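Visitor: Hi! Could you walk me through this one?
Guide: Happy to, let's have it on screen.

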Amino acid sequence: MSQSYGPSGSQARAIMAGQPADVAFLSTGLDIDTIADADLVSKTWTKAPYGGIAADSVVAFVVRPGNPKHIHGWKDLVKTGVKVVTPNPFSSGSAKWNVLAAYGQARKAGLSDHKAVQFVTRLFKHVVAQDPSGSTAANTFFSGQGDVLITYESEAYAAFAAGEKGNLVVPKPTMLIQLPMVPLKSAPGAAKAF
């Protein structure tokens with residue numbers, strides 16, 4: 001068995017270009033739809049058990065040990081001097097969730113669509129690194145760049161389990177992330193059963 005990791009959109013495009021795969025476990029349903037549109041997975045993948053969703057997480061922040069910038073919520077990310085690391089939303093499914101969570105919390109706080117977009121724009125003015133994927137953004141943060149990483153809660157726990165240092169902050173509100181996993185039509189029976 002071999003595995004391939006990378007930005008969700010890039011992985012979808014690689015599968016469409018012929019990268020061998022039995023199962024696609026991607027960041028967004030849009031990326032699964034991309035390979036469904038290429039007729040590589042069932043167009044009815046959401047009718048699979050659990051709607052094709054294999055895992056849940058939430059958008060969270062990882063801050064430096066001791067939280068020296070006192071980051072507790074979304075508004076703290078746009079304070080003067082706060083440097084944010086998040087993946088690039090054009091290549092990374094996790095970054096798309098981050099953008100939606102930032103926008104959603106602004107709307108939930110009562111801001112209009114226009115004001116919520118302005119908040120996200122202001123947030124991105126604090127972004128100092130936009131790597132192509134969530135895992136490379138985490139590597140950038142843990143190598144010392146930025147004050148806060150916007151990531152999946154599950155990605156933060158995996159980094160901590162691997163010995164990385166930081167504190168987890170789950171902002172209120174946050175966004176539930178549902179990660180789809182589907183077998184390709186050409187997959188062997190064991191992969192389809194999985």
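Guide: What follows is a chat about helix packing, strand pairing and an aromatic pair.

Visitor: What sort of model is it, and how are residues numbered?
Guide: This is a predicted model, with local features needing pLDDT of at least 70, side-chain atom pairs counting only at pLDDT 80 or more, and totals for chains, interfaces and linings using all residues. Residues are numbered from 1 along each chain as its sequence is written, and side-chain values use heavy atoms, leaving out hydrogens and water.

Visitor: Helices, please. At what angle do H3 and H4 pack?
Guide: Helix H3 (residues 93-108) packs on helix H4 (residues 113-124) at about 135 degrees, and their axes are 9 Å apart. Helices (H or I, at least four residues) and strands (E, at least two) are DSSP runs, numbered from the N terminus. Axes are lines fitted to C-alpha atoms, for helices over the stretch in contact, and angles run from 0 to 180 degrees between N-to-C directions.

Visitor: So what do you call that arrangement of H3 and H4?
Guide: That angle makes H3 oblique to H4; under 35 degrees counts as roughly parallel, over 145 as roughly antiparallel, 65 to 115 as roughly perpendicular and the rest as oblique.

Visitor: Which residues make the contact?
Guide: From H3 they include Val 99, Ala 102 and Tyr 103, and from H4 they include Ala 116, Val 117 and Phe 119. Contact means heavy atoms within 4.5 Å.

Visitor: And what about H1 and H2, at what angle do they pack?
Guide: Helix H1 (residues 8-16) and helix H2 (residues 29-37) pack at about 10 degrees, with axes 9 Å apart. That makes H1 roughly parallel to H2. Ser 8, Gly 9, Ala 12, Ile 15 and Met 16 of H1 meet Asp 31, Thr 34 and Ile 35 of H2.

Visitor: Switching to strands: how many bridges join S1 to S7?
Guide: Three, and strand S1 (residues 23-25) runs antiparallel to strand S7 (residues 176-183). Val 23 sits opposite Pro 183 in S7. Two strands pair if DSSP finds at least two bridges between them.

Visitor: How many bridges does S2 have with S7?
Guide: Five, again antiparallel, for strand S2 (residues 53-63). Ala 55 has Leu 179 of S7 as its bridge partner.

Visitor: Last one: how many aromatic pairs are there?
Guide: Two. In one of them, Phe 61 and Trp 74 are edge-to-face, 4.9 Å centre to centre with 85 degrees between the planes. Rings of Phe, Tyr and Trp (its six-membered ring) pair if their centres lie within 6.5 Å; planes under 30 degrees apart count as stacked, over 60 as edge-to-face and the rest as tilted.
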